Amino acid sequence: MTERILLADDNPNLRSALRLFLETRLDVELIVEARDMEHVLAQVEDSRPDCIILDWELPGRPFRERVAVLRSLVPGLKVIAFSARPESKHNAFKEGVEAFVCKAESPLVVLDRLQKICQPDQHLG
């Protein structure tokens, strides 16, 4: 899987830890980081990612507007909602995300969700 991934979270330590984890386990062309929605929008236009791991509580516009705006900039963009609140899962899927990961889950869950949405037809042993 060679993908361009955007990590959007306002916690720089979490972003860098997740970036390092993904870079060591995936064939990734580019991992870009963003700290707020304004930065996300600029990075999406510049890097044209295949997938975004998007913090549900990221400062900026309401989440329900985010998925539509991001997909208008990059049609086919895959969105993984990332939240500290597991109760956000239902609303995230209602807004059209492909996957949801709770921040309390293992980074392996993020890896699994990325692989499933980026290679849906491939068997993942």
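**Exercises on a predicted model**

**Exercise 1.** Which side chain of opposite charge is nearest to E3, and how far away is it?

Solution. In this predicted model, E3 is buried but forms no salt bridge. The nearest side chain of opposite charge belongs to K78, at 4.7 Å. A salt bridge requires a side-chain nitrogen of Lys or Arg within 4 Å of a carboxyl oxygen. Next, place E3 in the fold: it is part of strand β1, which covers residues 2-8. Finally, list its contacts. Leaving out residues up to four places away in sequence, E3 touches D27, V28, E29, L30, D50 and C118.

**Exercise 2.** Describe the order of helices and strands, and decide how compact the chain is.

Solution. First count the elements: five helices and five strands. Along the sequence they follow the pattern β-α-β-α-β-α-β-α-β-α. The radius of gyration is 13 Å, close to the 14 Å from the globule rule for 125 residues, so the chain is as compact as a globular protein of that length. The C-alpha trace spans about 35 × 30 × 30 Å along its principal axes.

**Exercise 3.** What percentage of the residues is buried?

Solution. Buried residues account for 43% of the 125 in the chain. As for the surface, the chain exposes about 6,500 Å², with 48% supplied by carbon and sulfur atoms.

Notes: Residues are numbered from 1 along each chain as its sequence is written. This is a predicted model: local features need pLDDT of at least 70, side-chain atom pairs count only at pLDDT 80 or more; totals for chains, interfaces and linings use all residues. Side-chain values use heavy atoms; hydrogens and water are left out. Helices (H or I, at least four residues) and strands (E, at least two) are DSSP runs, numbered from the N terminus. Buried means under 20% relative accessible area, exposed over 50%, partly exposed in between (1.4 Å probe, protein chains only). Lys and Arg count as positive and Asp and Glu as negative; His and the chain ends are not counted. Contact means heavy atoms within 4.5 Å. The radius of gyration is taken over C-alpha atoms; the globule rule is 2.2 Å times the number of residues to the power 0.38. Accessible areas come from the Shrake-Rupley method with a 1.4 Å probe; for residues, only the protein chains shown count as cover.
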